Amino acid sequence: MIEILNPTELARARETGALVADILRTMQARATVGTNLLDVDAWTKGMIADAGAESCYVDYAPSFGRGPFGHYICTSVNDAVLHGKPHDYVLADGDLLTLDLAVSLGGVVADSAVSFVVGTTQPAESLALIDATERALAAGIEAAGPGARIGDLSHAIGTVLTGAGYTVNTEFGGHGVGSTMHQDPHIANAGRPGRGYTLRPGLLLAIEPWVMADTDELVTDADGWTLRSATGARTAHSEHTVAITEDGVEVLTLR
């Protein structure tokens, strides 16, 4: 399903995007050395409830996960890159943490993710991974706009990631959003320009480059959700929800 939002729905999407950005900004500030991931999840639950919003994760049960996710935010640490299930883990200095959040407010969803290093130890490899995904995200956003093709975004993202020396997994990537979290079109993190769905004003997209340091192969944790690099290498993931407008593209989840 591909939804095209009307002006009223787009106004709601801006509110949802601002909420997602605010929660992620708050959780990034709170996720310091000594913080338990379960506390991050509880704080997120509280902020969602206080805003009168709904979690897109707690009851989410797709075919690639094992049962309902059961938590309010994805917390992926070090070699975990996607769908990190919060658990009893205390953050240490130098950990690379990705927070990924999707909520619904007023019937419209926004989705965003940020990777950062916890504490004062800032490993160069981790910073390079984060930088590559952030630059790839910026390139994907720049390639978007009315009349652009999905392949244009995928090509722009993949060019940055491979140019930084990483291989790209295309199994999971960006996607449409709207009244639900995961919609068509799929946005692979590598592709050919001029191919795929043509973007139209009113379309919401979650663009999300992610990468692993020395592999493109994923393995699934025993929790049935958390996806990790097959080699144990560190990972990073950056994501924004954007709206295609008559004039170009608007980023809704800027922090």
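Helices (H or I, at least four residues) and strands (E, at least two) are taken as DSSP runs, numbered from the N terminus, and the expected span of a helix is 1.5 Å times one less than its number of residues. The model is a predicted one, in which local features need pLDDT of at least 70 and side-chain atom pairs count only at pLDDT 80 or more, whereas totals for chains, interfaces and linings use all residues. Residues are numbered from 1 along each chain as its sequence is written, and side-chain values use heavy atoms, with hydrogens and water left out.

The protein chain contains four helices and 14 strands. Its radius of gyration, taken over C-alpha atoms, is 17 Å, close to the 18 Å given for 255 residues by the globule rule (2.2 Å times the number of residues to the power 0.38), so the chain is as compact as a globular protein of that length. Along the principal axes, the C-alpha atoms fill a box of roughly 45 × 45 × 35 Å. Of the 255 residues, 56% are buried, that is, under 20% relative accessible area with a 1.4 Å probe, counting protein chains only. Among contacts (heavy atoms within 4.5 Å) between residues at least 6 apart in sequence, 69% join residues at least 24 apart.

For helix α3 (residues 124-143), the 20 residues should span 28 Å at 1.5 Å a residue, and the end C-alpha atoms are 28 Å apart, which agrees. The buried residues of α3 are S126, L129, I130, A132, T133, A136, L137, A139, G140 and I141. The helix α3 is followed by G145, which has a positive phi near 150 degrees.

Definitions and conventions
Buried means under 20% relative accessible area, exposed over 50%, partly exposed in between (1.4 Å probe, protein chains only).
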